[in-house]
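User: I would like to understand the terms used for this structure and what stands behind each of them. Please set each value against its definition before concluding.

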Amino acid sequence: MSTRIQTGGRHLDRSKQVHFNWAGKQLTGYGGDTLASALLANGELLVGRSFKYHRARGLIASGAEEPNALVGLGTGAKFEPNQRATTTELFDGLVAKPQNAWPSLAFDVGAINKMMSRFFPAGFYYKTFIHPRFAWKHLFEPIIRKAAGLGAAPTEKDVDRYEYFYAHVDVLIIGGGIAGLASALAAGQAGASVLLVEQTAHFGGRAVVDGVDIDDEPAEIWVEETLAALREMPNVTIRNRTMGAGVYDHGYATVYERINDHLPEMITDHAPNMDAPRHRLWRVRAGRIVTATGAIERPLSFAGNDIPGVMLAGAVRDYLVNYGASVGDRVVIATNNDDAYRSAIALVEAGLDVPVILDARTTADGELPTLAREIGIRVETGKAISSVKGNKHVTGVGICSQAGEGAELEEIKCDAVAMSGGWSPVVHLWSHCGGKLNWDADQSMFRPDPNRPPLGYDGAGFVHVAGTANGYLDAAGVMEDAIKIGKLAAKETGHKPKATKVPSTFSAPENPIEPIWQMPQGMSRKLQMKTFLDYQNDVKVSDVRLAAQEGYQSVEHTKRYTTLGMATDQGKLSNINGLAILADSLNAEIPAVGTTTFRPPYQPISMGAIAGDARGELFKPIRQSPMHHWIDTNGGFWEPVADWRRPYCFQQNGESVGDAVTREILNTRQNVGLLDASTLGKIIVKGPDAGKFLDMMYTNMMSTLKVGRCRYGLMCTENGFLSDDGVVARIDDETFLCHTTSGGSDRIHAWMEEWLQTEWWDWNVYTANVTEQYAQIAVVGPNARKVLEKIGGMDVSADALPFMAFKDGELGGIKARPYRISFSGELSYEIAVPASQGQAFWDMCMEAGAEFGIQPYGTECLHVMRAEKGFIMIGDETDGTVIPQDLGLSWAVSKKKDDFLGKRAQQRSHMVDPKRWRLVGLKSVEPNEVIPDGAYAIDGTVRDNGVKHMIGRITSSYFSPTLNHAIAMGLVENGPERMGDIIDFPTTDGRVIKAEICDPVFLDPEGTRQNV
Amino acid sequence: MLILTCPNCGIAADETELHADGQAHITRHGAGASDDDLEEYLFMRNNPKGVHFERWRHVYGCGKWFHAARCTMTLEVFGTYPAQTLEPPKDLVAKIKKKRPDWEGFVK
Amino acid sequence: MSNAVTALNGAKYSGLIDIADAGLMGMITLRGDLASAAMAKVVKSITGAKMPKPRGVEIAGKGSVAWMSPDELLIMIDYAYADSAVAKISSALAGEHHLAVNVSDARAVFDLSGDELRDVLAKGSPSNLNPDSLPIGEMRRTRLGQLAVAFWFTDDSSAKLVCFRSVGDHVFKWLSNAAKPESSPNFYSAMR
């Protein structure tokens, strides 16, 4: 049974007891524990259930590569599923619960799947649930989803804060083992700016666990000294609990800092440091990236290698040395290399029993095996595990010959197995952006090919790999490589490396590994079915062999078919073993089969870190007009209009939205209304060629516009389709002010600049987007002039300021430019005043207008009034496929101009087809029946494909209180030629609404109301 | 996540500060153009595996357009240059030719 | 102009840095030939400052002038002076193709100060904020969070930031959030 031992535990503070809750049980650990080490110390070997068969699973690893120990962490708004116990630092009050087990971890009904495993082979889902089709959605999927899956999604809103941080450095070094430290020191001493990150809380990596000596002292001393030296350097930044998550183009890297996941105060809502973000996602631009990410130990593939108590040999050593926790009292070692002997020796030195080391190699006579024998450990070479005994925990192992088919020679009682299949360099970050790998047959590992690195903007490689990640498994080799790479990275970023002495580094020499991809060599299919490759996704040796047998040859296809490596650990333990089995099945060499693609992030990162600060009120910027606050506090019912908020209507005294709109329309038509039109785009276009330029931008002729006058204009894309509209005013001979739609200001300004900068750069025209310089307030209705006259100032009479004119002057002491333009058909002044005085002018209008019945109105009132007048709206009548000619706007398309944007495209055969749907008005036969927006008109015939033939559609539809009648605008085939016809609009609820085709101008076709 | 140096203001800008707009050096065919020319102008674009000339705008910076010569495979940036030109600068073309001897050269 | 109010309306926040509404500021967008002697002369007479180098901000007694792009300057002067300054430019450059327009009301202006300024701005801007890359007196037009802004340091620990008026409220909230106490990345500030 796993337990805490009396000695050891480099990271532990045994004076500090830490209380935590696991699966409802109160347990105690020590300061410095991880959740995993504390569970192990408490004898909690069973930490999870597997995804598919719900098999009992224990800790396999001690770090980020752990596939089994996924837990739900925290409660309520602090709950987070799928957290690795191995990377979770223990703190007082931590609450964790197991996942994927019901009703409990120890008794899980899903485990019945295990007994059915014979019927769940590779591709089972694909093969079984194909027929009948309907059953997948209604029967199979709901059951599978309930039985499978990882942790449950949180139900409460995350209360923590997250943020980004953009950093630019010469050299980013990922990994704080001795390689990363040595590289950082070399680069830092050369003067490069360095960011060194380590994913765990501790620096030093494996060297400090494995008894490496540096400069004749334990590595730990060198690590401390080097850290101290680095901290003294202003050009070096160091972060622990910070993981290199992804490497991307041009030296970009995402780095995930877990700032306070380990702090107990974070679990209470009133903690003093709630201002601190929980995670910070660094977005780093580095001249060079050095990955010093070490290696991950591979499991051995023997039957029962997933039974709780079977652990990686390196992890056994980690728990022992770092946390004083033992996986068991009697630990059998299974290995194909010398490194695992370190674990055996450490166990014996800690007073635990190692009954046997099963070394699959035929000989084991290196320094470490010799030492193991010397301290009395039984070493069996050429031997393997035939199967592990036990169910929820290991009770023993059967021994067999590695060369055979698994006939058991002997059974040995034990409560744990430490296995080592060799080490695989962590090449993920090197590979993210295209770094290629070579197969090193001597060391049985893929290692980075320095001649095929990821390339940067200058075409040079921008990632270097240092130390063990680069394939050096001996400490001396690591040190030499790391210093060389650190200097190289500094040199390549423009610094001059200093000549430094490489510290003398010593670790026990090791004899070569022997690749062992399954144990025993000739294992039967029965054993294969108990031999797990991918623990999280329950992929077994038999599954990969079956896939090969069924014709899968590509490793990428096999991955998807078997789900090997597709779990949240992305196959950190399983990929190499899996592809070796695949290669063996295909009778191919490992490098010929290749690896699957490594993708960021290296380890899952929190959703919060990805979102950063873009949540709540910062989720999306909202543009506010100068009168925003007034509108908000005076009944404004907001609707989004592009990035703006505009009031749909102003609700008074608890009235409904619909009633408010009706009131606003009637009041504006009868008295006077006030509209905030500030959101309309306003672009100054100036220069000797401004007229010529606008003649190209608009379909109309703008160069002939007289100073002081306004003209409505249309803009089209080069494809001929309508893109924007608005009123253009000529300020002086060389200067125009172009109004755009509310959503169009930035887009149209960019559109103008694009043409000026990239096509007509020899034309003398400058533009400036002055949208936000002005508050624009529309005073609309029969009493509009009276309101302005009461405010006082410039002459706003019909003679001084006729329809479609504008003037500069002052109103109420504020510099103002009223435009006599109307989008409602009423007497209307749109008055531009400096934005800073917008509210002041609005207040004046409200005050002066009180006696004339002034009321503010919103966008819906505006929409209904414009529809009553048959004015089109970009985005309603247009959808990117509509040309001006469709909308009866041919009058605004110049026939005199040689060219304008979209002119040629509008001459294409489809654009001049008389059968194009064209704009008409539509009056419901039943006066109160408003046709749904977007409804299609049909003519009663059926198309060849069985669909009702459509002859048009509604683009705008309202109830007009002015006319007391439902009105609509729509595009109808031959519409303008069919005035008076009644056509059918079927609705989604099965009714048919009948409407009469009419002129789209429903109100005051002569324009007498606006031109007064 | 590319970095491109804006030739107008000199800033090495992050891709998120830029707006990409496809192939550079397209000839506009307006009024009077043949159907073929119009089709070529509006719809036909190169999709090379290798050297490509592109239009970019430094939208969060100086607001100016520029062109970039870039390898679509390795993402190597051969150079950037102002947009006020009908074809890439000769020295840039020579530089690319030197790096990519198999490149067919700038074709409009 | 007593009834003129800024978008920020005097807002203030104090955290890792101090954030404050800089108040009404006269601003003129001036586009034209930046090599023009007449332009240099009128800019000097209005602000007292010489023509800035690319990306530079020249600060003088009466005002300052920033290089916005190869054909655009931003002139910053007293709010009340903006209209007459535009008129002055227009007459001084009468014979030259140019555009001068008062944009004083189109923007929100922030005064920022504190030792952690670069750390706070780097939470939202992908531009290189190392002092070598962004020295005092150079403007950076960049993205901050989701929005376009421009900022420039006036000394080691003070900066001005400008954004469009309509998003002044959002930028204020963004900055205040980024400047929450206890949230220092301690990156640039540790190098000081």
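Analyst: What follows takes helix pairs, a sheet, chain contacts and record annotations in turn. This is a predicted model, in which local features need pLDDT of at least 70, side-chain atom pairs count only at pLDDT 80 or more, and totals for chains, interfaces and linings use all residues. Residues are numbered from 1 along each chain as its sequence is written, while chains are lettered from A and ligands numbered from 1 in the order in which they are written.

User: Why are α13(A) and α14(A) called oblique to each other?

Analyst: The axes of helix α13 (residues 541-549) and helix α14 (residues 555-562) of chain A come within 10 Å and cross at roughly 125°. Such axes are lines fitted to C-alpha atoms, for helices over the stretch in contact, and the angles run from 0 to 180 degrees between N-to-C directions. Angles under 35 degrees count as roughly parallel, over 145 as roughly antiparallel, 65 to 115 as roughly perpendicular and the rest as oblique; α13(A) and α14(A) are therefore oblique.

User: What makes the contact between α13(A) and α14(A)?

Analyst: A:D543, A:V544 and A:A547 of α13(A) meet A:T558, A:Y561 and A:T562 of α14(A), where contact requires that the C-beta atoms of two residues, placed from the backbone, lie within 7 Å. By class, the contact of α13(A) with α14(A) has three nonpolar, two polar and one charged residues; here Ala, Val, Leu, Ile, Met, Phe, Trp, Tyr, Cys and Pro count as nonpolar, Asp, Glu, Lys and Arg as charged, and the others, Gly among them, as polar.

User: Why are α1(C) and α2(C) described as roughly antiparallel?

Analyst: Helix α1 (residues 37-47) and helix α2 (residues 82-92) of chain C have axes that come within 10 Å and cross at roughly 155°, and α1(C) and α2(C) are therefore roughly antiparallel to each other. On the α1(C) side the contact is made by C:A38, C:K41, C:V42 and C:I46, and on the α2(C) side by C:A85, C:K88, C:I89 and C:A92. These residues of α1(C) and α2(C) divide into six nonpolar, no polar and two charged.

User: Which element gives the largest share of the side of chain A that touches chain C?

Analyst: The contact takes 39 residues from chain A and 41 residues from chain C. β9(A) gives the largest share of the chain A side, six residues, and that side divides into 18 nonpolar, 11 polar and 10 charged residues.

User: How many residues of chain C are in contact with chain B?

Analyst: 10 residues of chain C are in contact with 11 residues of chain B, and β9(C) supplies the largest share of the chain C side, three residues.

Conventions. Helices (H or I, at least four residues) and strands (E, at least two) are DSSP runs, numbered from the N terminus.
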